[in-house]
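Student: Before we start, please tie each label to its cut-off as we go. I would like to see the value and the criterion side by side.

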Amino acid sequence: MLETNATDDADIKFGVLHMTPGQIRRFRRIPLAVVWLLITFAVVWVLFLADRSWTARTSAGAAIEEPGEFIVTLLDGLTFAGLLFVVAAGFTLIFGLMRTVNMAHGAFFLLAAYIAIDVQKRMVGKTRNIETDDVSMLQWIIPLLVGATIAAVLGVVMQQLFLRWNQGQDLRQAIITMAVTVILADQMLFQYGGLAKKMVWPGDTVRFFDIMGQRYASSRLFMLGISLVVGVLLWLWLNRTRMGMVIRAGVDDKDMVRALGINVTVVFGVTFFVGSFLAGMGGAMGGSFAGVALGTDGQWLLNSLIVVIIGGLGSIKGAAAGSLLYGMVTAFSPAYLPADYTFYSIIFTFVILAVVLAVRPNGLFGRSE
Amino acid sequence: MKLSSRSLAVAVACLFLLLLPSFGSEFFVDFVMTRTLMLGLAASTIVFLSSYVGMNSLAQWLIFGVAGFVVGNVVAESGRGLTLGWAPWSGVPIALVIATSLALLLGALSARSTGIYFLMLTLTYAVIGFYFFGQVTTFSGFGGMTGIDAPSFFLGHPKRLYYVAVVLSLLAYVGFRAVAKTPFGMALQGVRDDPIRMSSLGFNVQALRMLAFGLAGFVAGIAGVLNIWWNGQIDPSSISIGPTLDLFIIAVIGGIVHLEGAWLGAFVFVAANIYLRDIPLLGRIGGVIEDRILAAERFNTVIGLVLLLIMLISPDGLAGMVARGQRTFRSGRAETPAGPAPTPTPDEPSAATP
């Protein structure tokens with residue numbers, strides 16, 4: 001066997017399959033250069049070139065001419081990024097500690113939204129045509145908490161029943177959560193039907209104000225505020241409490257934490273609770289922001305995946321960076337693409353993903369395993 | 001040549017499939033078995049990637065769908081899309097070239113990611129593909145395309161398409177197992193087992209992964225072309241996240257470490273889809289209330305429960321159950337406890353926990 005190895009290798013090594021490490025390294029520098037070129041072009045386009053008579057027509061003008069449109073787009077990106085962060089932080093928290101890819105994250109999002117909408121209807125006492133002025137702050141927050149708590153409890157039940165005893169088999173766990181998704185999605189279709197539903201913002205938050213000639217709804221800023229509060233609370237929890245310390249240690253070295261006599265099972269349960277709670281909170285917020293319908297679960301699973309792939313799996317910092325980048329791209333690409341091509345904006349999602357992966361395969365803040 | 005019980009079983013299955021049209025009903029051949037073979041062909045690419053290269057891909061259904069969309073754009077004469085209206089056969093090479101190039105591109109992009117990260121990445125590609133075909137009305141739009149004719153050779157002859165599906169499935173099965181024995185396939189299995197060692201031995205691990213993904217994409221493209229000929233229409237919702245997961249579920253139900261499991265899983269899936277509602281007790285799982293419009297069938301709930309059950313009991317699926325049953329049976333018959341444990345054949349992937 002050993003003598004024949006040399007000839008076998010010679011057969012296998014051909015063309016691109018055989019590059020010296022130096023060649024491979026030089027090969028990898030190309031993407032970074034392309035990335036900087038693309039970023040520079042995008043910035044120049046948005047700032048100076050968009051919607052000039054000698055370039056293509058876009059729905060928003062160049063930033064130096066139309067600062068209002070630019071700021072509104074920026075705010076759109078920021079507020080959407082806030083919502084993305086709430087949902088993706090839950091996803092990444094669970095993955096970071098337990099290496100579980102929770103495919104049911106989107107399903108929890110949708111379920112919490114449906115429940116919150118139902119609870120809100122009960123509280124307001126109207127089944128249809130609820131106006132924002134009918135809804136008080138409490139009638140928005142309590143449905144949100146109810147929906148999120150139910151999602152969180154469901155998450156913990158799923159974790160305790162199906163995932164606790166096969167810790168470490170990541171593909172098996174992903175498929176189990178996939179099965180839960182399929183069941184949940186089907187049951188939700190059965191319960192709530194296929195029509196779009198919407199939660200109603202509390203009346204106090206829906207005011208319109210003026211930004212350099214552009215009308216803007218304060219409810220989006222309200223959403224951003226909630227996201228910031230969630231972010232700060234998460235940071236405090238993870239960095240200033242004993243439980244947070246244990247979780248951060250668990251992300252680094254689970255076995256060591258267990259060996260130190262800490263009850264990891266409880267920590268896992270709590271993390272799953274918080275992660276699913278965040279998905280549910282995001283569901284209620286997203287339900288007020290854009291409404292939910294059949295298929296929203298897949299969409300938000302996609303959103304969470306994109307954010308954590310960009311930001312790096314398991315990193316809260318990465319979730320923040322990823323949501324910011326993804327939120328900005330989804331806000332800017334339809335506004336600043338030539339008008340005939342706005343429907344190509346989905347490609348930009350793919351482009352940022354490809355670009356980030358080409359330069360940093362583990363995401364911006366991810367660690368290589 | 002050693003005739004193992006495994007290849008014997010495959011040979012018997014092939015014989016059965018070839019003779020089936022002479023005694024099976026037309027409905028069974030066309031709607032159950034042709035569909036089974038197409039889905040099995042697509043699922044076998046997942047199994048190939050998973051068991052020989054260690055890549056768990058959710059993008060195979062996307063490539064399957066892209067091949068269909070390409071055929072649709074090239075062949076259809078009216079409706080949405082490019083409507084080039086070329087001859088039906090001309091769609092095949094174009095679709096296969098585009099499907100393979102797409103697979104190579106996606107493979108190159110994700111070649112450095114492994115394990116669960118790769119799974120998520122490919123899921124992301126799949127969902128982006130869905131939105132792409134939904135939003136970009138140049139190629140389809142959410143309404144989808146209809147009236148995509150198969151070549152006249154197949155029109156009105158569902159059995160011909162069936163035979164083509166049988167032959168292609170067999171070719172893919174034999175081909176994948178043959179590839180595994182070539183130096184290229186050996187290198188792939190090396191990449192699966194220890195990428196770091198392989199790269200220090202001088203193999204370009206990423207290029208190998210990319211090529212394997214391209215090969216799988218080519219086969220998935222073939223399945224996609226067959227599907228569009230069978231179906232005659234395609235729309236973005238048929239490549240949305242649900243069907244994407246379904247194909248993966250097929251591979252998992254069959255057993256993701258055994259190639260023949262792909263077709264087994266496809267058969268279970270298709271048969272369940274068609275016959276489940278006829279089974280008195282099982283068809284009513286998940287709360288069937290007669291006065292609700294949507295309550296007629298809860299197929300997805302049942303398939304989800306089946307998947308959950310399989311994952312909880314036997315992570316290597318039905319094929320794994322069969323293999324284990326066989327082993328128990330054999331060791332019981334031989335009654336030689338001192339004998340060595342049944343060693344897997346060289347091309348058989350180690351039954352690592354997924």
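Tutor: What follows is a set of questions about labels and the values behind them.

Student: Why is Thr73(A) called buried?

Tutor: A residue is buried if 20 or more other C-beta atoms, placed from the backbone, lie within 10 Å of its own, exposed if 12 or fewer, and partly exposed in between. Thr73(A) has 23 such atoms within 10 Å, so Thr73(A) is buried. By this criterion, 47% of the 369 residues in chain A are buried, and 49% of the 354 residues of chain B.

Student: Which residues does Thr73(A) touch, beyond those up to four places away in sequence?

Tutor: Contact requires C-beta atoms, placed from the backbone, within 7 Å. Thr73(A) touches Ala60(A), Ala331(A), Phe332(A) and Ala335(A). Ala60(A) is 13 residues from Thr73(A) in sequence, and their C-alpha atoms are 8.7 Å apart.

Student: What makes residues 105-124 of chain A a helix, and how does the span of α4(A) compare with the expected one?

Tutor: Helices are DSSP runs of H or I with at least four residues, strands are runs of E with at least two, and both are numbered from the N terminus. Helix α4 of chain A has 20 residues. The expected span is 1.5 Å times one less than the number of residues. From first C-alpha to last, α4(A) reaches 28 Å, close to the 28 Å expected. In α4(A), 15 of the 20 residues are buried. Just after α4(A), Gly125(A) takes a positive phi of about 85 degrees.

Student: How many helices and strands does each chain have?

Tutor: Chain A has 13 helices and 2 strands, while chain B has 13 helices and 0 strands.

Student: What makes a group of residues a nonpolar core?

Tutor: It is a set of buried Ala, Val, Leu, Ile, Met, Phe, Trp, Tyr and Cys residues joined through C-beta atoms within 7 Å. The largest such core here has 223 residues, and those with the most contacts inside it are Ala112(A), Ala99(B) and Leu307(B). Helix α9 (residues 205-231) of chain B gives the most to this core, with 17 residues. Apart from neighbours within four places in sequence, the contacts of Ala112(A) include Gly147(A), Ala148(A), Ala279(A) and Gly283(A).

Student: How do you know that chain B touches chain A, and what kinds of residue does chain B bring?

Tutor: In the model, 48 residues of chain B are in contact with 44 residues of chain A. The largest share of the side of chain B that touches chain A, 13 residues, comes from α5(B). That side divides into 30 nonpolar, 16 polar and 2 charged residues. Here Ala, Val, Leu, Ile, Met, Phe, Trp, Tyr, Cys and Pro count as nonpolar, Asp, Glu, Lys and Arg as charged, and the others, Gly among them, as polar.

Student: Where in chain B is the pLDDT below 50?

Tutor: pLDDT is the predictor's confidence in each residue, from 0 to 100. Chain B averages 84, and 87% of the residues score at least 70. The pLDDT is below 50 over residues 286-296 of chain B and over residues 335-354 of chain B. Where pLDDT is low, the predicted coordinates should not be read in detail.

Notes
Residues are numbered from 1 along each chain as its sequence is written. Chains are lettered from A and ligands numbered from 1 in the order in which they are written. This is a predicted model: local features need pLDDT of at least 70, side-chain atom pairs count only at pLDDT 80 or more; totals for chains, interfaces and linings use all residues. Two residues are in contact if their C-beta atoms, placed from the backbone, lie within 7 Å.
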